[in-house]
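Reader: I am new to reading protein structures. Could you walk me through this one, feature by feature?

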Amino acid sequence: MAKITYVEHNGKQHVVEVANGLTVMEGARDNGVPGIEADCGGACACSTCHVYVAPDWVEKLPKKDAMEEDMLDFAWKPDPVRSRLTCQLKVSDALDGLVVQMPEKQI
């Protein structure tokens with residue numbers, strides 16, 4: 001299990017324990033965290049699970065693959081360093097303490 005903090009655009013925080021093997025997107029969806037729509041269900045075929053990763057976590061996460069990079073082009077105001085798709089972040093003990101912030105909107 002990893003404790004992940006999801007921060008809404010307005011600053012409201014949701015601290016959720018997410019089981020290893022799930023994705024950060026599934027953790028938000030399964031716990032009713034608003035701001036992550038996940039229209040494609042985690043297939044990396046949209047950008048509606050876009051978040052900004054806390055700066056101190058950027059280097060701790062696996063690198064983005066080409067498909068994620070391509071989908072982030074469609075996200076709302078992507079940040080070249082901090083933007084990630086939560087469907088591509090697999091939860092493990094290494095993600096315990098991860099903080100992600102949702103953008104103003106998902107498109």
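**Reading the model, one feature at a time**

Author: Start with Ser83, which is buried at 1% relative accessibility. Ser83 belongs to strand β4. Keep in mind that this is a predicted model.

Reader: What does the side chain of Ser83 make a polar contact with?

Author: The partner is the side chain of His50, at 2.7 Å. Setting aside neighbours within four places in sequence, Ser83 is in contact with His50, Val51, Tyr52, Lys64, Leu72 and Pro78.

Reader: Let us turn to strands. How do the side chains point along strand β2?

Author: First the general idea. In a regular strand, side chains alternate between the two faces of the sheet. Now the case here. In β2, residues 13-18, one face takes His14, Val16 and Val18, and these are buried.

Reader: In which sense do β1 and β2 pair, and over how many bridges?

Author: Strand β1 covers residues 2-7, and its pairing with β2 is antiparallel, over 6 bridges. Tyr6 stands opposite His14 in β2. The hairpin of the two strands has 5 residues between them. There, Gly11 takes a positive phi near 100°.

Reader: What about phi in residues other than glycine?

Author: Most residues other than glycine have a negative phi. Look at the exceptions in this model. Ala38 is not a glycine, yet its phi is positive, about 55°. Cys44 also is not a glycine and has a positive phi of about 55°. Ala38 lies in the loop between α1 and β3. Cys44 lies in the loop between α1 and β3 too.

Reader: Are Ala38 and Cys44 buried or exposed?

Author: Buried means under 20% relative accessible area. Ala38 has 13% relative accessibility, so it counts as buried. Cys44 has 3%, so it counts as buried as well.

Reader: Next, charges. How many salt bridges does a search of the whole structure find?

Author: The general idea is that side chains of opposite charge can pair when their charged atoms come close. The search finds 3 salt bridges here. One joins the side chains of Arg29 and Asp30, at 3.0 Å from N to O. Arg29 is partly exposed, with a relative accessible area of 44%. Asp30 is partly exposed at 47%.

Reader: Which residue forms a salt bridge with Arg84?

Author: Glu68 does, with the closest N and O atoms 2.8 Å apart. This pair links distant parts of the chain: Arg84 sits in strand β4 (residues 83-85), Glu68 in helix α2, 16 residues apart. Arg84 counts as buried, because its relative accessibility is 5%. Glu68 is buried too, with a relative accessible area of 2%.

Reader: Which buried residue has no salt bridge?

Author: Consider Glu8, in the loop between β1 and β2. Glu8 is buried yet has no salt bridge. The nearest side chain of opposite charge is Lys12, 4.6 Å away. Glu8 does have a polar contact of 2.5 Å with the side chain of His14. Beyond its neighbours within four places in sequence, Glu8 is in contact with His14, Pro34, Gln101 and Met102.

Reader: How many residues does the largest nonpolar core have?

Author: In soluble globular proteins, nonpolar side chains tend to be buried together. The largest nonpolar core here has 30 residues. Ile4, Tyr6, Val24, Ile36 and Leu98 have the most contacts inside it. β1, β2, α1, β3 and α2 each supply at least two residues of this core. Follow Leu98: its contacts outside four places in sequence include Ile4, Val24, Val53 and Trp57.

Reader: One last residue. Where is the place of Met71?

Author: Met71 is in helix α2, residues 66-72. Its relative accessibility is 15%, so Met71 counts as buried. Leaving aside neighbours within four places in sequence, its contacts are Cys44, Ala45, Cys46, Ser47 and Leu85. Met71 and Thr48 are 23 residues apart along the chain, and their C-alpha atoms are separated by 9.6 Å.

Technical notes. Residues numbered from 1 in each chain as written. Predicted model: local features only at pLDDT ≥ 70, side-chain atom pairs only at ≥ 80, totals over all residues. Heavy atoms only, no water. Buried < 20%, exposed > 50% of the residue type's maximum accessible area, 1.4 Å probe, protein only. Helix = DSSP H or I, 4+ residues; strand = E, 2+ residues; numbered from the N terminus. Pairing = 2+ DSSP bridges. Contact = heavy atoms within 4.5 Å. Salt bridge = Lys/Arg side-chain N within 4 Å of Asp/Glu carboxyl O. Lys, Arg positive; Asp, Glu negative; His and termini not counted. Polar contact = N/O pair within 3.5 Å; in protein donor to acceptor, adjacent residues only side chain to side chain. Core = buried A, V, L, I, M, F, W, Y, C linked by side-chain atoms within 4.5 Å.
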